[in-house]
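Biologist: Could you walk me through some aromatic rings and explain the labels you give them?

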Amino acid sequence: DLHSQVFPSPDHGVSWSAPVTSYGGDKPWFVFDRTGGPGRDHAYQAWNTSGNSYAPNTFDRSIDDAESFEAPSEIAGTPIFGSLDVAADGTLWVVGTSPFGMVVARSDDAQNSVGPPSWETVPIDLGGGILGSVPPNPVGLLGTLWIAADRSSSPTAGWVYVLASVRTPADPLDVNLIMTDDRGQSWTAPVTVNDDPPGQRAYQWFGTLSVSPDGRLDAVWNDSRGQDSLHCALYYAYSMDGGYTWSPNEQATPVWNATLGWPKQNKIGDYYHMVSDVDGADLAYAATFNGEQDVYYLRLTPPPSTTAVPGPRDAMRPRLEPARPNPFRAATTLRYQAPAGGGDVTLEVIDLAGRRVATLARGFHAAGTHVATWNGENGAGRGALPGVYVIRCAATGRVETRRVVRVR
């Protein structure tokens, strides 16, 4: 079995203590709570389902600053190949892929020390899926999903972002970003960060995101524009309006050859990591400048800027009104809007594990408001169990969700 270990340092890296076994598995990711709430100094870890015998348990927690770890537990929806972050209020966010598509899981009580965390999981749409096992990383991922919470005091405070390199209709991989400002109830349409013309067939892979203490978004990725798929350079962009617009892309490194990093496996290591501060961002990344795969450090410095100002949030999402009645017993009514000029709309019921329960509408809708009813049944015509469900409205690549409660 694969396991992870934590090596604590009491003096900022000058010396290191003995390793602490932390369970874990393939592609583990850590985040520490450094807020001032009840979860301060908690450590959270999530990992892949393969490589160990814990599945479907892919999460554990330390409540003593990584001196010991609780037994693994399950995240609803089992998101993998993603990351974690802690919001300013101590809320824990996890993103990943699941058997039901891409999902985000939120735990409001992971910061409490008693009992395992509970989760609310919702599906998300980044405009495509992540890839693995194709050039330029034949036996590895071409990027994980990144989630980052804005802990600033700027107008974008509390916003949560998801970024990933995803396959789109126009290109093998683009770097796309979505955002929520209402705790995951609705998400914006995907915004593409890379600015090369669509259809150029470039690979923008290993997309990585971080948020500065003043609300600036920093993004980096490997980019094959102007090259074949096995040669790339690291590119960088930043956003000061919550991801609505991005700076012109900047080539931050020379071009390097991915195949030089294949000593035993035909892959570049799956892990990049970036941390932003007010003046810039610190990045650890892989490249082959020395004729082999090495880990490098790069300091990224955007020009001085003012406080982050939100972009036109409402222009980035469809409209799905709250269900009425809610809670409901026999049936509930949903009003939703199709895009101007009409377009394809899908209205679905999803459970908190991210599984589709029922499809209420699918296909072309004329512009304007439409009405659907959910009678509490699943796709097989049987009554769904009492509980919390998610209504998901997707139109022209935009997604909005609402929660509804069915009672006995």
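Modeller: Here are a few labels, each set against its rule. This is a predicted model, in which local features need pLDDT of at least 70, side-chain atom pairs count only at pLDDT 80 or more, and totals for chains, interfaces and linings use all residues. Residues are numbered from 1 along each chain as its sequence is written, and side-chain values use heavy atoms, with hydrogens and water left out.

Biologist: Why is the pair of Trp-47 and Tyr-54 called edge-to-face?

Modeller: Rings of Phe, Tyr and Trp (its six-membered ring) pair if their centres lie within 6.5 Å; planes under 30 degrees apart are stacked, over 60 edge-to-face, and the rest tilted. The centres of Trp-47 and Tyr-54 are 6.1 Å apart and the planes stand at 65 degrees, so this pair is edge-to-face.

Biologist: What makes Trp-47 count as buried?

Modeller: Buried means under 20% relative accessible area, exposed over 50%, and partly exposed in between (1.4 Å probe, protein chains only). Trp-47 has 2% relative accessibility, so Trp-47 counts as buried. Tyr-54 is buried too, at 16%.

Biologist: What kind of pair do Tyr-285 and Tyr-296 form?

Modeller: A tilted one: 5.9 Å centre to centre, with 35 degrees between the planes. Tyr-285 lies in strand 23 (residues 280-287) and Tyr-296 in strand 24 (residues 294-300), so the pair ties together parts 11 residues apart in sequence. Strands here are DSSP runs (E, at least two residues), numbered from the N terminus.

Biologist: Is Tyr-285 buried or exposed?

Modeller: Buried, because its relative accessible area is 4%. Tyr-285 also belongs to one aromatic cluster, whose members include Trp-205, Phe-206 and Tyr-296.

Methods: Helices (H or I, at least four residues) and strands (E, at least two) are DSSP runs, numbered from the N terminus.
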